[in-house]
Amino acid sequence: MSQQQYPQQPQPGWSGPQQQGYGTPPFQPQPPKKSKAGKIVGFGCLGVVALFVLIGIVAAAGGGNGDSTDTGAKDKAVTAGRTPESDKAEETPAQKTKTQAEQFKACVAKSGTATEKKAVQHVTKVTGADKRNDILDSVEVYTDFTGGLMSDNQGDAKLIASAFTSCYESKNGLVSVYGQDGDLIANANY
């Protein structure tokens with residue numbers, strides 16, 4: 001038995017007959033390279049956020065004048081005839097022994113409107129007005145009013161909050177006016 005060999009047809013693009021065992025390896029694609037752009041953008045944003053936090057900390061630590069008991073009034077009509085030096089000179093030891101509610105009432109009696117003076121007569125207690133740090137100041141004013149946000153005394157409570165903003169100043173303060181039963185009646189930023 002003789003084996004016949006069939007002539008091999010040359011393949012297009014090949015130079016000759018294919019030899020067994022010595023062919024070129026089949027094409028294998030390279031794995032895609034991972035992009036580092038996401039990491040670069042992520043760390044860049046993180047750096048910007050860290051920079052803002054650092055600037056905020058430095059500004060909070062060194063930016064204040066150190067006077068946390070600043071009680072300068074916001075209204076220009078109220079402060080027109082006074083200077084900060086004369087306010088400090090007028091403070092006597094008797095004023096330091098007054099409660100916060102008495103100090104608040106005295107301020108409103110001195111510079112408030114007639115309706116504010118009438119509304120402030122209902123104040124029974126003030127807490128948090130003595131210590132301010134201009135970061136998050138929260139003052140509670142307690143009154144003898146009854147009811148909550150929808151009570152009949154809400155107008156007077158708003159007048160009390162407005163009078164407080166005229167007497168005290170903070171960069172980031174909140175005054176809340178409560179009734180005798182502890183319900184919030186009004187609040188304002190000061």
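Cys45 has a relative accessibility of 47% and therefore counts as partly exposed, a class that lies between buried (under 20% relative accessible area) and exposed (over 50%), with a 1.4 Å probe and protein chains only. The model is a predicted one, in which local features need pLDDT of at least 70 and side-chain atom pairs count only at pLDDT 80 or more, while totals for chains, interfaces and linings use all residues. Residues are numbered from 1 along each chain as its sequence is written, and side-chain values use heavy atoms, with hydrogens and water left out.

The structure holds 1 disulfide, a term that stands for a pair of cysteine sulfur atoms within 2.5 Å. Its partners are Cys107 and Cys167, whose sulfur atoms are 2.1 Å apart. Because Cys107 lies in helix 5 (residues 100–111) and Cys167 in helix 7 (residues 154–167), the pair ties together parts that are 60 residues apart in sequence; helices here are DSSP runs of H or I with at least four residues, strands are runs of E with at least two, and both are numbered from the N terminus. The torsion about the S-S bond of Cys107 and Cys167 is about -110 degrees, so the disulfide is left-handed.

| Residue | Relative accessibility | Class |
|---|---|---|
| Cys45 | 47% | partly exposed |
| Cys107 | 21% | partly exposed |
| Cys167 | 5% | buried |

Glu116 is part of helix 6, which spans residues 114–120. Although Glu116 is buried, it has no salt bridge, and the nearest side chain of opposite charge, that of Lys117, is 8.4 Å away; a salt bridge would require a side-chain nitrogen of Lys or Arg within 4 Å of a carboxyl oxygen of Asp or Glu, and in assigning charge Lys and Arg count as positive, Asp and Glu as negative, with His and the chain ends not counted. A polar atom of the Glu116 side chain does lie 3.2 Å from the backbone nitrogen of Thr113. Leaving aside residues up to four places away in sequence, Glu116 touches Val108, Leu159, Ser162 and Ala163, where contact means heavy atoms within 4.5 Å.

Turning to the whole chain, there are 7 helices and 4 strands, and from the N terminus the elements follow the order α-α-α-α-α-α-β-β-α-β-β. Of the 190 residues in the chain, 22% are buried. Among contacts between residues at least 6 apart in sequence, 56% join residues at least 24 apart.

Definitions and conventions
Polar contact = N/O pair within 3.5 Å; in protein donor to acceptor, adjacent residues only side chain to side chain.
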